[in-house]
Amino acid sequence: MSQSAPSSAALPRGPAAGLSRRDRLLGWRYLPLTVTVSLFVLMFGAGSVAFDGFFSAQVFFNLFVDNAFLIVTAVGMTFVVISGGIDLSVGAVIAFTTMASASLIQGRGWNPWATMGLVLLLGALLGLAHGLTVHFFRLQPFIVTLAGQFLARGLCYVISTDSITIKDPVFRVLSETRIPLFLGGAITVSVVIALVVFAVAVFLAHYTRFGRTMYAIGGSESSAVLMGLPVARTKILVYTMSGFCSALAGLVFSFYMLSGYGLHASGLEMDAIAAAVVGGTLLSGGSGYVAGTLVGVLIMGTIQTLIMFQGDLSSWWTKIVIGMLLLVFCLLQRAFQRSAVRRLTSAAPRAPATGAAGLRSA
Amino acid sequence: VSAQPGRSAGVAEALRGLSRKQLFFPVVTLLLLLAFSLVVNPRFFSVTVRGGHLYGSLVDILNRAAPLVIIAAGLTLVIATKGIDISVGAVVAISGATAASLIGGQIAVQGMEATKVALPFVILGAMAVGLAFGMWNGLLVSVLGLQPIIATLILMVAGRGVAQLITDGRITTIYYRPFFFVANGFLLGIPFPLFIAGAVLLTLGLLTRRTSLGVFIESIGVNPVASRSAGVRAGAILFWAYAVCGLCAGIAGIVVASNVKSADGNNAGLLFELDAILAVVLGGTSMNGGRFSLVGSLLGALIIQTLTTTIYAVGVPPEITMVVKAVVVFVVSVIQSEAVRALIWRRTEVAR
């Protein structure tokens, strides 16, 4: 966060003061995540009370099964957003991946594994191109990835304007295999992929130098440069990873739909951004959790499931409810930010004096 | 002989000065595109009069570009404040849905076609809905202080749902003939949408360039805090910029609904926000705010439509349009990029 930068400079050096400060900061930091998790529990609980058969392991697992591709995309999106950017190309890259793999396998008789490798590489390359352009040409990520979106969607239609069904046995097996878990519930291979991506992302974000640099860039890019952090490399890598995640999500989507189509996943970038925001990631960058994004996706899945169980409400209510949820979370974030700023500014007058005293004693 | 180098230097200097003009790149791009279209289709510039109405490729381009011009004009003001409105496509759908539901299916009164609500109120109603959603965006951005991209993202996500709510999830067909005049009629031999687009541009142009409103908008784009200190009512101007953008999207929605004679909550105005942003950026308005050109946005919208029409004319599959657009967005953004300009500038300095 940009607010934490001046605070650490003006921080009193005394151990007790530092601790209380950190405590307060931690509480504030985890608050959005707490709100998100509580909301999920509340929604799932409400569904369980209202509808018979809602409270079951399979309904819960289906949240993952039906949204595996969204988890994978949203994780990549979260990285980009934390670093202070945005990636509007993800939905189009998913569509392109389904289209490219379908046409290569069905039309050209390619080996399915080679196809998967190639489309993943293509996704990563497009992401790399985004990153290079954003960093070296200093263009707005919004515009660059918009161009990427046009490109990927356009390429879909260049391949074919029709939907192509995938009949490849490997894809079928990957699509249909059910891995039984406890309580009679089962998950798919896609869920395993999504969870692996999630675990890797958590590790990268919180336990590596790369992750810390990513947060630093999102907080303040110029400060990160002045601190001597590898800004260029990290930024480019973040976009490359988002491209790779989108391509992987495209494969997961192919397993889910068993077809390639240029209109697949239209508007998915907005779902991914919404999941990240509902999960507590600040769109201004520098703050957020990959875990929050996972819960964000689950919340959006729960909304869909609730509307499905309810039966009378039409599917467009999903969009309206997600929109309202986005609004509430944005306003919450705004309120948190304002209160944090107020705390910092009210603490400011005495901070320099204590800071100087602390220095003198040291 | 000795005057030769001096004159060429003068020409180079003039060219350099010209290339720094805001409208230089859009005008050149449009001229190049038109020249290319002429090569592809020698009859491109021919305009014929049939039944007192003008027909021809150029008229067609202007006519088809009208909704985009209207939206781009409104969006220009928002982008000039360093904002963005990505909900315009959704507002187009909502406004179209409102118009269709106010007209209300196939109603016949004494053998005559009729509407549920009188036509002027249909038009005003759809415009009011556009304005209301624009004000909603303005409220979120200027009063609640949300980032423009998030504030309008909310409406972008929810807006299509609202549009489907209005049409009850169906594609509503419009049967009332007088309504078709909006997009398909001719006035003085000229397609009617051109008058609508012209009126919108003229109104906004007069408002921003004949009063100091335009300068205020630009000052907010440069530095909102400083402009507030200087006595500019930044909050109110920001609010109305979004409101006007919504109104423009509402007007465009009526034109689109009239053109396709139906309202489709899912697909009306789909990707319009992207085309509109592209038009504004192509027109030389910087995404970083602080300067804008309505004429530039008009040129940008015409560039996009000419591109689309020409691609059809060349016989390239229309699907390629998106790829071409992607390349155009990329090239134009790179040209506009300060970093690239600085790089080229340094090169030429070193070369001297």
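Which residue forms a salt bridge with Arg138(A)?

**View 1. A salt bridge of chain A pairs Arg138(A) with Glu221(A).** The model is predicted; local features need pLDDT of at least 70, side-chain atom pairs count only at pLDDT 80 or more, and totals for chains, interfaces and linings use all residues. The closest N and O atoms of Arg138(A) and Glu221(A) are 3.9 Å apart. Arg138(A) lies in the loop between H5 and H6 of chain A and Glu221(A) in helix H10 (residues 221-226) of chain A, so the pair ties together parts that are 83 residues apart in sequence. Over all chains, the structure holds 4 salt bridges. A salt bridge here is a side-chain nitrogen of Lys or Arg within 4 Å of a carboxyl oxygen of Asp or Glu. Residues are numbered from 1 along each chain as its sequence is written.

**View 2. Helices H5(A) and H7(A) cross at roughly 75°.** Their axes (lines fitted to C-alpha atoms, for helices over the stretch in contact, with angles from 0 to 180 degrees between N-to-C directions) come within 9 Å. H5(A) is therefore roughly perpendicular to H7(A), a term for angles of 65 to 115 degrees. H5(A) contributes Pro112(A), Trp113(A) and Met116(A) to the contact. From H7(A) come Val170(A), Phe171(A) and Leu174(A). Contact means heavy atoms within 4.5 Å. By class, 6 residues are nonpolar, with no polar and no charged ones.

**View 3. Chain A meets chain B through 36 residues from chain A and 43 residues from chain B.** The two chains bury about 3500 Å² between them, 83% of it on carbon and sulfur atoms. Buried area is the accessible area (1.4 Å probe) lost on putting two parts together, summed over both. Across this interface the rule finds 0 salt bridges. The side of chain A that touches chain B has 24 nonpolar, 7 polar and 5 charged residues.

Notes: Chains are lettered from A and ligands numbered from 1 in the order in which they are written. Side-chain values use heavy atoms; hydrogens and water are left out. Ala, Val, Leu, Ile, Met, Phe, Trp, Tyr, Cys and Pro count as nonpolar, Asp, Glu, Lys and Arg as charged, and the others, Gly among them, as polar. Helices (H or I, at least four residues) and strands (E, at least two) are DSSP runs, numbered from the N terminus. Angles under 35 degrees count as roughly parallel, over 145 as roughly antiparallel, 65 to 115 as roughly perpendicular and the rest as oblique.
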